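Please read the report below alongside the sequence and the three-dimensional model.

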Amino acid sequence: MRQFGWNEFQLLVFAARWTIILAIIAFVGGGIGGLIVALLRTADNRVARGAMIVFIRVFQGTPLLMQLFLAYFGMAIFGFTVNPLIAAMIALTAHASGYLGEIWRGCIEAVPRGQTEASIALGLHYFARMRYVVLPQAARVAVPPTVGFLVQLLKETSLTSIIGFVELAREGQIITSVTFRPFLVYGLVAAIYFAMCWPLSLVAGRMERGLARATKR
Amino acid sequence: MYSFKFAPVFANFDRLLDGAAVTLQLSCGAMVLGLVISIICASGRTSHVKALRFLVGVYVEVIRNTPFLVQIFFIYFGLPAVGISFNPNPAALVALTINVGAYGTEIIRAGIESIHWGQVEAGIALGLKRVQILRYVILKPALRAVYPALTSQFIFLLLTSSVVSVISATDLAAAGNDVNSETFASFETYIVVTAMYLVISTILSALFAAIQRMAFRYPLGR
């Protein structure tokens with residue numbers, strides 16, 4: 001049995017960097033995927049819209065834990081060497097694409113229809129219309145819920161510990177198993193997550209209130 | 001080429017169904033208990049007593065800014081160190097209830113705050129009794145305003161409940177783990193389990209939508 005000391009505390013804090021790295025990877029990957037999902041979900045093409053409805057339904061209707069398991073065991077089936085980091089990246093990216101796609105769809109639809117009609121009348125093509133007219137206006141509404149989702153994503157990276165990836169939650173388990181101080185260690189792990197998430201939550205809340213004030217009649 | 005082996009998974013399908021029953025019990029139990037906590041805490045957070053507002057604020061912020069996985073580890077492994085211990089399934093119910101209660105508190109509070117005081121005054125002017133005002137002027141419109149947020153939180157709760165499998169509760173995800181370790185058909189097992197979660201969550205959201213259509217059919221005045 002080992003005492004819980006400064007070394008163990010440092011191990012926990014260093015493990016948190018993997019939590020942050022995972023969250024950033026998932027956020028960037030999910031941001032790209034989510035934009036594609038949101039654009040297809042609001043496209044004129046029926047097949048594209050239908051496919052995205054199914055995609056969002058599946059990823060918002062099943063547990064992230066199962067998505068992680070499927071990515072993990074699916075890798076072996078498709079002939080890749082099983083690697084928890086890669087599996088976590090795939091599952092988190094797909095998961096975040098589904099959620100961000102749905103959030104951003106709402107933001108795109110919140111842009112008044114007249115804006116699209118006006119840009120069509122001005123002869124703008126789809127790409128220019130989205131790039132210069134619709135998306136900039138949607139982005140203003142999109143920022144607060146996106147930051148809110150980032151908090152959710154940061155917390156959800158803890159599930160990658162279950163497929164064996166060593167981040168903050170897993171490091172907590174490992175240290176608990178050698179120090180036998182679950183109350184202290186999990187309390188500290190929770191505190192470290194809190195220190196990462198709370199500032200983001202505060203920012204998201206403040207932006208939401210600011211936006212609500214700005215859009216009030 | 002890999003050939004899929006679904007037969008051994010379906011041979012154990014009754015065990016997966018048992019797990020699904022536990023998942024439903026845990027989620028529904030946490031939903032009801034969590035709603036009670038939410039209503040109590042929401043009234044605490046809008047109360048005049050400063051200490052009460054602060055305590056509820058701490059509860060809500062701590063739960064909403066830490067992962068459910070760590071919460072359940074703390075409750076199941078951490079609390080026994082201070083003399084509070086649970087079996088896996090009750091621990092799962094406690095953890096899920098505490099978790100959804102925090103999110104619910106914020107949602108209910110938003111609902112209460114969406115009621116204009118003028119509405120209550122109008123109710124008094126019309127000679128409604130206190131109970132009538134509470135029921136028709138405050139609770140029903142408040143619930144209507146937050147119903148979509150509340151039900152999607154409940155769907156999220158159902159999905160989150162899969163995490164309780166890590167403390168050897170006997171829910172659907174845990175049943176999947178058992179079947180996986182016996183049949184070695186990992187991918188197939190989790191495909192089936194995932195599909196079961198999708199079916200449950202789809203039925204549940206259809207049910208919530210049906211309740212919404214029935215209960216809140218009256219037109220929204222401006």
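The sections below describe the model part by part.

## Basis of the description

This is a predicted model, in which local features need pLDDT of at least 70 and side-chain atom pairs count only at pLDDT 80 or more, whereas totals for chains, interfaces and linings use all residues. Residues are numbered from 1 along each chain as its sequence is written, while chains are lettered from A and ligands numbered from 1 in the order in which they are written.

## Chain B as a whole

Chain B has 9 helices and 0 strands, where helices (H or I, at least four residues) and strands (E, at least two) are DSSP runs numbered from the N terminus. The C-alpha trace of chain B spans about 75 × 45 × 25 Å along its principal axes.

Of the 222 residues in chain B, 39% are buried; a residue is buried if 20 or more other C-beta atoms, placed from the backbone, lie within 10 Å of its own. Among the contacts in chain B with a separation of 6 or more, 77% join residues 24 or more positions apart, a contact being two residues whose C-beta atoms, placed from the backbone, lie within 7 Å.

## Helices of chain A

Helix α4 of chain A covers residues 84–110, and its 27 residues should span 39 Å at 1.5 Å a residue, which agrees with the 39 Å between its end C-alpha atoms; the expected span is 1.5 Å times one less than the number of residues. Most of α4(A) is covered, with 19 of its 27 residues buried.

Helix α1 (residues 6–41) of chain A and α2(A) have axes that come within 8 Å and cross at roughly 130°, the axes being lines fitted to C-alpha atoms over the stretch in contact, with angles running from 0 to 180 degrees between N-to-C directions. That angle makes α1(A) oblique to α2(A), since angles under 35 degrees count as roughly parallel, over 145 as roughly antiparallel, 65 to 115 as roughly perpendicular and the rest as oblique. On the α1(A) side, V37(A), L40(A) and R41(A) meet A48(A), R49(A), M52(A), F55(A) and I56(A) of α2(A). The residues of this contact divide into 6 nonpolar, no polar and 2 charged, where Ala, Val, Leu, Ile, Met, Phe, Trp, Tyr, Cys and Pro count as nonpolar, Asp, Glu, Lys and Arg as charged, and the others, Gly among them, as polar.

## The contact between the chains

Chain A gives 29 residues to the contact and chain B gives 30 residues. On the side of chain A that touches chain B, at least two residues each come from α2 (46–61), α3 (64–77), α6 (126–156), α7 (168–179) and α8 (182–215). The largest share of that side, 11 residues, is supplied by α8(A). By class, the residues of the side of chain A that touches chain B are 21 nonpolar, 7 polar and 1 charged.

How values were computed:
A residue is buried if 20 or more other C-beta atoms lie within 10 Å of its own, exposed if 12 or fewer, and partly exposed in between; C-beta atoms are placed from the backbone.
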